[in-house]
Amino acid sequence: SGVVVTPPSASAPTIIMTLAVAGSIHLLTTFLSGMSDGLGKRDAMMESLKFNTEAIFLTSLTTAIGFLSMNFSDTPPLRDLGNIAALGIIAAFFFTVFTLPAAAVLLPFTTAKKGVMFTSLFRSIGDFVVGHHRGLMASLIVVAVALVSFVPSLELNDQYVNYFDQSSEFRRDTDFAMEHLTGIYKIEYRLRAGESGGISSPKYMALLEAFGDWYRDQPEVVHVHSIVETMKTLNKNLHDDDSAFYRLPDNRELAAQYLLLYEMSLPFGLDMNSEVSIDKEATRFTVMLKNISTKELLNLEKRAQLWLRDNMPTMMASEGTGSSIIFAHMSERSIRSMIGGTVLAIFLIGLVLMMVLRSVKYGVLSFIPNLLPALMALGVWTIFVGELGFALSVMIAMTLGIVVDDTIHFFTKYLRGRQLHQLSPTDAVRYAFSNVGTALMTTTIVLVLGFLVLAQSSFLPNSGMAILTVITISIALAIDFFLVPPMLLALDGDKHTR
């Protein structure tokens with residue numbers, strides 16, 4: 001399709017392989033359980049498909065929606081990651097429900113022993129949750145509120161040099177350059193004089209010098225370069241290198257002659273077109289900065305705009321530009337756009353859940369365990385890191401489609417117990433734990449291990465996204481085990497029939 005592989009999109013295979021395992025685990029867990037109960041391979045697989053296909057389809061759909069919402073990002077590599085992962089997840093669904101069952105029936109499987117230990121463990125967890133559901137719900141709500149309360153203090157920030165760790169030659173060379181030479185972050189201005197040849201005007205030069213002096217007083221600045229330094233040096237050189245003449249020429253004609261003399265003295269092939277416009281109406285003004293975050297960079301440029309507005313004529317004012325400024329604005333814009341993508345993903349996933357669960361109240365209730373893990377994970381991230389870059393801003397939309405998987409499996413098994421077996425809410429919770437607890441625990445462990453592999457990346461957006469996803473998935477399991485059942489019991493009460 002012509003999509004170029006980039007550091008963000010290169011993580012797609014690891015993500016797809018990790019997520020593809022989840023559906024397989026649910027299918028094989030029920031299959032092996034049926035065989036241990038005495039069913040033949042074909043009958044056990046048929047039962048597993050009846051039991052799991054709807055949930056696997058729904059989890060694949062919601063996960064794909066979560067990744068497709070990354071198309072709201074203004075960053076092409078992140079859009080590519082979302083599209084590649086979504087296609088992989090859709091492919092995984094078809095392999096899971098068509099290829100895997102056929103292979104399981106054809107390949108030699110011995111009768112599996114019943115996992116008594118795990119079945120007993122999750123029955124005990126189910127009994128514990130049912131017996132303490134009010135206390136568990138209150139405790140988890142308190143913990144959730146405490147963690148989410150940290151989220152507003154999370155700073156949206158980026159330093160693209162720090163995207164690479166010290167194992168990268170680019171990072172080591174850049175750090176050396178910033179420590180011993182100059183910064184790599186810079187802001188560029190095109191400052192106009194308003195007329196052809198106007199840059200030789202003493203008034204224009206004085207304003208240029210004042211702007212440079214203001215920038216040199218800012219703590220983030222390493223170096224300022226403009227035509228002013230050239231003019232001062234020329235004035236000094238043409239007065240027998242007397243340091244008292246290291247100042248701007250005091251009349252326009254003299255400044256114009258200095259500029260002409262300087263241009264004529266340049267070696268063959270060189271000119272001043274990179275510093276001065278051809279008609280001598282505007283000059284280039286460059287500010288070199290320390291290793292600075294996008295937030296600090298935008299704040300500095302904002303202060304500069306206020307100074308320009310207060311001290312320069314309107315025609316001289318100029319917006320800062322350059323790759324650093326572009327990246328800073330792109331980061332801010334991408335975060336804002338992903339908020340819209342996340343909201344749409346939440347709406348679509350909620351709509352799908354309501355339709356499949358055939359219940360508005362269960363669909364609305366599912367929003368809590370689906371959104372809460374990401375918000376709590378951001379709270380944990382705020383406590384230990386404190387900053388979130390634009391590459392990590394896709395995390396909520398991405399993990400929303402992942403964590404909803406466990407919620408769907410628990411809800412569908414709970415509703416199966418209520419509707420098919422006519423169980424009471426408490427017995428339906430125990431039924432869900434017995435039938436899906438092992439699979440949920442296993443898929444969570446697999447997902448955590450898979451994303452921990454991605455966390456070893458030397459590229460910060462990949463490793464940071466993986467760590468944040470691990471935190472989110474781990475919290476999601478705790479919520480699905482200890483908050484979802486109490487919420488279902490609070491919603492349905494303890495009636496013996498639906």
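## A tour of some salt bridges

Start by selecting Glu281 and Arg190: these two form a salt bridge, with their closest N and O atoms 3.9 Å apart. Now colour the chain by secondary structure. Glu281 sits in the loop between helix 9 (252-265) and strand 4 (282-289), while Arg190 belongs to strand 2 (residues 185-192), so this pair ties together parts that are 91 residues apart in sequence. Keep in mind as you look around that this is a predicted model.

Is Glu281 buried or exposed? Glu281 is buried, and its relative accessible area is 7%.

Arg192 is in strand 2 and Glu281 in the loop between helix 9 and strand 4, so here the pair ties together parts that are 89 residues apart in sequence. With the surface still on, check Arg192: this residue is partly exposed, with a relative accessible area of 36%.

Then jump to Asp310 and Arg309. Their side chains meet in a salt bridge too, with 3.5 Å between N and O. Both Asp310 and Arg309 are exposed.

For the next stop, select Asp127, Asp427 and Arg430 together. What joins these three into one network? Salt bridges that share partners link Asp127, Asp427 and Arg430.

Finally, zoom out to the whole structure. How many salt bridges does a search of it find? The search finds 16, including the bridge between Glu281 and Arg190 where you began.

How values were computed: Residues numbered from 1 in each chain as written. Predicted model: local features only at pLDDT ≥ 70, side-chain atom pairs only at ≥ 80, totals over all residues. Heavy atoms only, no water. Salt bridge = Lys/Arg side-chain N within 4 Å of Asp/Glu carboxyl O. Helix = DSSP H or I, 4+ residues; strand = E, 2+ residues; numbered from the N terminus. Buried < 20%, exposed > 50% of the residue type's maximum accessible area, 1.4 Å probe, protein only.
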